[in-house]
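Me: Got a model to walk through with you. Can you take my questions as they come?

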Amino acid sequence: MTKLEPSNAVMNYPRRDAADKLRGRTKYAVDHGGLETLHAVLVRSDVSSGLISELDLTAAQKMPGVRAIATARDALGRHGIGIADHPIFAEKSVRYHGEPIVAIAADTRRQAMAAAALVVVKIEKTVSALTMAEALDSNAPLVHPDWEDYEILFPGAARSKNVAWEATVERGDTDKEFARDDVTIVEGCYQVGRQSHVSFEPRATVASFEDGRFHIVTSTQAPWTVRHVVAKVLGVVESKVRVTVPAVGGGFGLKFDCSLEPYAAILAYKSGKSVSLVNSREEEYLTCLCRENAEIRLRSAVTKDGEIVAREGTVLMDCGAYGGEQIFLTTMTAHTLGGNYKLGAAKIASLAVYTNTPPTGAFRACNGVYNTFALERHTDEICAAIDMDPIKFRKKNVVGDGDLGATGQVFEGDVLSPMLDRVAELKGLTNKDAYDLDKYLFGRSTTVGTWFIFVGPSAATVNLNADGSATLVTSGVEIGSGTMMQSLPQMVAAELGIHPDEVIVKTADTDASGKDLGVGGGRTTVSIGAASTAACAEVKEKLLSVASEMLQTKLAKLVLANGRIEILGNPGSGTTIQKVIAEVEAQTGPVSGSGAFTASGTPSMPGCAAGHFIDAIDIPVFAVHECEVAIHKETGRIEVLEYNVVQDVGRAINPRAIKNQVQGGVVQGLGYALHEEITINGEGCIEQSGFESYKIPGVKDVVAVNLDLFEGAPSVGPLGTKGAGEVPILNVGACIACAVANATGKRVNELPLTPPRVLRLMHEESMALDLDHISSDWRQNVH
């Protein structure tokens, strides 16, 4: 049997869903439901912290069209990652502005809203902790007074009061290295705000209860997570919940967690009818599981020739009122903050901190974007302190083959160093003729970044049809990135010798497909792709065994190509795949194969990591970004003149699709770096409630990206692939910030770099940031 060569799968295969999406024909979760479907709304808290003293539903229950009302009494279970701290309804305590208290289903949305207006909720306000500094104060109110009583789902992490979770790395003796008399000690603080995903389709779900089971149609990236959470909070076994997912109108991590589905499920159970629950745009903003705000302190000991002999870092991540995704994301600090450079000794801590603010969540390259910002700014500050060229310093220190990561894992392959060489080749000559040089400052920078692919479990089934086409069944979800419509059909088609057009990709259905971690973290092409190719291997074995008998030829001399099974080196000598399928069906039945995948795990240094869900990264992904900016002195407005990217892709099986992902990721990163700012008022409410108050990049803010795809780095992914959609945003904030620092000669320690912030940076003598609640003594920050 001939082994698949990577070239068989490589093509710029177009998106098959593009035409319908452009014409508005694609059906999303918001489009599901029918004339008999009820419409639901949530009654939410209008304070950030308090005790519910009265809840009266009498008037609401009497309103026309109302079919069901649900409260905490209908869902007593808690869910979470690592710890079960999250009820779906506030019962006695309210912990954030916008927390659901009541759900109402009625014949129309207008009727449901009218009933919601008559719900009487009285809340006695209590003292809030709205910032991490407030939450970590010794006299801070506890967001969760009963935190010690919560169910532990993943043991091993330190927890204390308003620290929901703590992940640490301790490798080597940093105290000894910092005490050396031949090192320069560089210390800095950095902070970033929240970022909203702004997926065009809001969170939406339709639930029904039939034949003793829940069926949930929803806009999610992780159908099996939804299945698990709905079952847990409703107190039923998971097999009683079926989740199906139509096309998803953007996710970016927002839909990696369960959100609206339990409310719709409860109301469907109580009403006996299908129930639709869709967030308004205002609700999307005010309760968005944003990229978390974070605060970071870094301290490094570096020799005069640029060796980093020790590093200590503490990262505070605001998880809001509940732990959510941040519990897991604390793991990533070790690999993003400790992944770019060789370190002698290292102590790194990442703390998820409870505050009385809306919960935060996952967002493209979650945790990595701000850690890369902090690390690359810190790196440039080191270079200034020891008077070394920043590019020379990076080439000396980036991780390579045989080097240790922060947790003691051993990296394979020299990737970042040659990528730094390649980005220099992309550099162009920017045209400054249009600029009055007296009115602008100009700056360039080059940054590196380390990300990794979430592998985890995936399953796939491939069914061959009588006409020679194949149906791929997985729990993968098309979230707009195109993976389910491009790379997966390409891989299956290449394995089976057919065209990608002949691969049908079934939408996710937990009743039909095996368990899957979810679509995110760049894992789809790798994990679902590996499971799919394994399923194809079983199909091929069945086909070729029968074809060998039909053609009287050894299996080793048979090849699948162009919809036929041919004798190697003798085109036209074989037969069509349809005829072989018919013969297999006659002998043994329909042709199908199943496959599964999960990474075996990469070893780390025993005992150096605590509270981590992943001690070592199976598939590291690297990026090098370079940019040039122009800063208008009078307004503080930043223009990006040039943006260059070298991205580690392993094997690019669809180069055009990767280029589109990189372009989009960079633009999204420019929003994070320059425009998108979320503020929370004194009542704990997010102040940006729509497109008019939350600025995202517009057409004039977009810059064309010059891209070089770096291929050949080690990967356990099928055909040597790595996920390409997550990492493009990773370096952008860092790259822009370093360029602005180089242009102004000032320390840049905060994002986003909005014009008012840039003006202050240019005109104030010092903008040095010192986060007093994060101690320079690393030991004082951990528990």
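**Salt bridges and a strand**

Reply: Aspartate 421 is partly exposed, at 38% relative accessible area; buried means under 20%, exposed over 50%, partly exposed in between, with a 1.4 Å probe and protein chains only. This is a predicted model: local features need pLDDT of at least 70, side-chain atom pairs pLDDT 80 or more, while totals for chains, interfaces and linings use all residues. Residues are numbered from 1 along each chain as its sequence is written, and side-chain values use heavy atoms, without hydrogens and water.

Me: Which residue forms a salt bridge with aspartate 421?

Reply: Lysine 395, with the closest N and O atoms 2.8 Å apart. A salt bridge here is a side-chain nitrogen of Lys or Arg within 4 Å of a carboxyl oxygen of Asp or Glu. Aspartate 421 lies in helix α14 and lysine 395 in helix α13, so the pair ties together parts 26 residues apart in sequence. Helices (H or I, at least four residues) and strands (E, at least two) are DSSP runs, numbered from the N terminus.

Me: How many salt bridges does the structure hold?

Reply: 47. One of them joins glutamate 187 and arginine 297 at 2.8 Å, N to O. Glutamate 187 sits in strand β13 and arginine 297 in strand β18, so this pair ties together parts 110 residues apart in sequence.

Me: Is arginine 297 buried or exposed?

Reply: Buried, at 9% relative accessibility. Ten of ten residues in β18 are buried.

Me: What about pairing: how many bridges join β13 to β18?

Reply: Ten, and the strands run antiparallel. Strands pair if DSSP finds at least two bridges between them. Isoleucine 185 stands opposite alanine 301 in β18.
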